[in-house]
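I open these notes to keep track of what I looked up, one topic at a time, with the coordinates at hand.

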Amino acid sequence: MQIRIVEQLDTVPAREWDALGGEHNPLLSHAFLAGLERYGCLGSQYGWYPRHVLAEDESGRLLAAMPMYAKTNGYGEFVFDWAWESAWERSGVSYYPKLVVSVPYTPATGPRLLIHPQADAPDLRRVLIDQGIRFARAHGVSGLHWLFPDDTDLEALRAQGLSLRMGCQFHWRNDGYRDFDDFLERFSSKKRKNVRRERRKVGEQGVSLRILHGNEVSDTLWETFHGFYTDTFEKKMGIPTLSLDFFRETGRALGRGVVMVLAEHEGEPVAAALCYRSHDSLYGRYWGCARDYDGLHFEACYYQGIEYCIREGLARFEPGAQGEHKIPRGFLPTPTWSAHWLAHEELGRAVADFCRREQQVMARHCRQLMGLSPFREGAGPDDAGPPAASMS
């Protein structure tokens, strides 16, 4: 086996990369990740520098990979470590650069240790973790952080002795619903009426909605959507990192892996929500509007996505980070995780202790938030809610 670090994903054949899992998850696809590099969404302007780890056999066949980035700031990570940065600086040690294994700007759970289906997965997961840490040591960075790994990768990271940090998002789980009405029937009467009233208001304002997949979105409509997207970020004092060319070209490449909810009034686009679809999940990412309509954000970003998942047989819907307002609309508290290796031993021990204590607080917080569930007792998804025990 040989290990390589590449700074441009375009140097890796798309077919080989996608065979590691990108063909099932658009957020991990070559088209998406290479598109970020190709269309000006990374680099010095935003503080993301690709350093992808490749594991190949002696013939050069790609066996495993890890999408890794050197970072010079914390933007676009969604695992907030400002307190750690402050502690490093007070100790006279620079926190940047650091390394993250992540999908840039995307707080969605998924594989982070990408393995060919015919390869020795457990061994290669250990190799990727070890090689990432070796690279971190060799280049003198402060640490290496895996953000939003799935359960399989999380277990591999835990087995390597890394510090695990728990977060909380709000996810929808498909409990075999026949349709949206069947989903609402599991709600308490008051919560059910609230949702129906929100949906009714949208139609009463003359707004209609339809679903388009990436290959169905015209260049003109992508321009309109990009205007919505940039306006949303600028209103919230954020940085609109994704370019028009990125949206347009990845939409063409990913096809049904891109799902746009388009809202129109009198035949004109007035808002849109953009999601990405894997083989079993929907990921809500971006929203923007030309003007405000009562309840349209909830309809476009949540209810249309739930209907789409039910219709398409998708198992879950992750609508993005944060937002307790999602709970009464059927998105329940769900643990998310990150794993951390720190080069500074003393500060690393302090972070490990912090993560252990924070897990207890976060698990208790998730259980309390479950009290806001709109589902009647015993009528919600069976496996919803946080784990009972810490994973550290």
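In which loop is Q322 found? I located Q322 in the loop between β14 (316–318) and β15 (332–342), and I kept in mind from the outset that I was reading a predicted model.

**Backbone, continued.** I then looked up F148, another residue other than glycine with a positive phi, here near 60°. F148 sits in the loop between β8 (143–147) and α5 (151–159), and I noted it as buried because its relative accessible area is 3%, where the cut-off for buried is under 20%. For the peptide bonds, I recorded that the one from Y96 to P97 is cis, with omega near 5°, and that P97 belongs to the loop between α3 (82–90) and β6 (98–101).

**Sheet.** I traced an open sheet of four strands, in the order β1-β3-β4-β7 and with antiparallel pairing. The edges are taken by β1 (2–6) and β7 (114–115), each of which has a single partner strand, so one side of each is left without a neighbour in the sheet. Helix α4 (residues 121–138) packs on this sheet, where it touches β1, β3, β4 and β7, and its direction makes about 50° with that of β4. Going into the pairing, I found four bridges between the antiparallel strands β3 (residues 52–56) and β4 (residues 62–66); in one of my spot checks, L54 had A65 of β4 as its bridge partner.

**Cores.** Which residues have the most contacts inside the largest nonpolar core? I listed L144, W146, W172 and F183 for this core, which has 71 residues. Helix α10 (residues 296–312) gives the largest share of the core, with nine residues.

**Aromatic rings.** My search of the whole structure returned 29 aromatic pairs. I looked closely at F183 and F187, whose ring centres are 5.0 Å apart and whose planes stand at 75°, so the pair is edge-to-face. F183 counts as buried because its relative accessibility is 0%, and F187 is likewise buried, with a relative accessible area of 0%. F187 also pairs with F375, again edge-to-face, at 5.2 Å centre to centre and with 75° between the planes. What does this pair tie together? F187 lies in the loop between α6 (180–184) and α7 (189–204) and F375 in the segment after α11 (345–369), so the pair links parts that are 188 residues apart in sequence. I checked burial here too, and both F187 and F375 are buried. Elsewhere in my notes is one aromatic cluster formed by F32, W222, F225, Y229, F233, F246, F247, Y276 and Y286.

**Charges over rings.** Last, I looked for charged side chains over ring faces and wrote down K71, which lies over the face of W48 at 4.1 Å from the ring centre, and R199, which lies over the face of F180 at 4.3 Å from the ring centre.

Terms used: Residues are numbered from 1 along each chain as its sequence is written. This is a predicted model: local features need pLDDT of at least 70, side-chain atom pairs count only at pLDDT 80 or more; totals for chains, interfaces and linings use all residues. Side-chain values use heavy atoms; hydrogens and water are left out. Two strands pair if DSSP finds at least two bridges between them. Helices (H or I, at least four residues) and strands (E, at least two) are DSSP runs, numbered from the N terminus. Contact means heavy atoms within 4.5 Å. Axes are lines fitted to C-alpha atoms, for helices over the stretch in contact, and angles run from 0 to 180 degrees between N-to-C directions. Buried means under 20% relative accessible area, exposed over 50%, partly exposed in between (1.4 Å probe, protein chains only). A nonpolar core is a set of buried Ala, Val, Leu, Ile, Met, Phe, Trp, Tyr and Cys residues joined through side-chain atoms within 4.5 Å. Rings of Phe, Tyr and Trp (its six-membered ring) pair if their centres lie within 6.5 Å; planes under 30 degrees apart count as stacked, over 60 as edge-to-face and the rest as tilted. A charge sits over a ring if NZ of Lys or CZ of Arg is within 6 Å of the ring centre and within 35 degrees of the ring normal.
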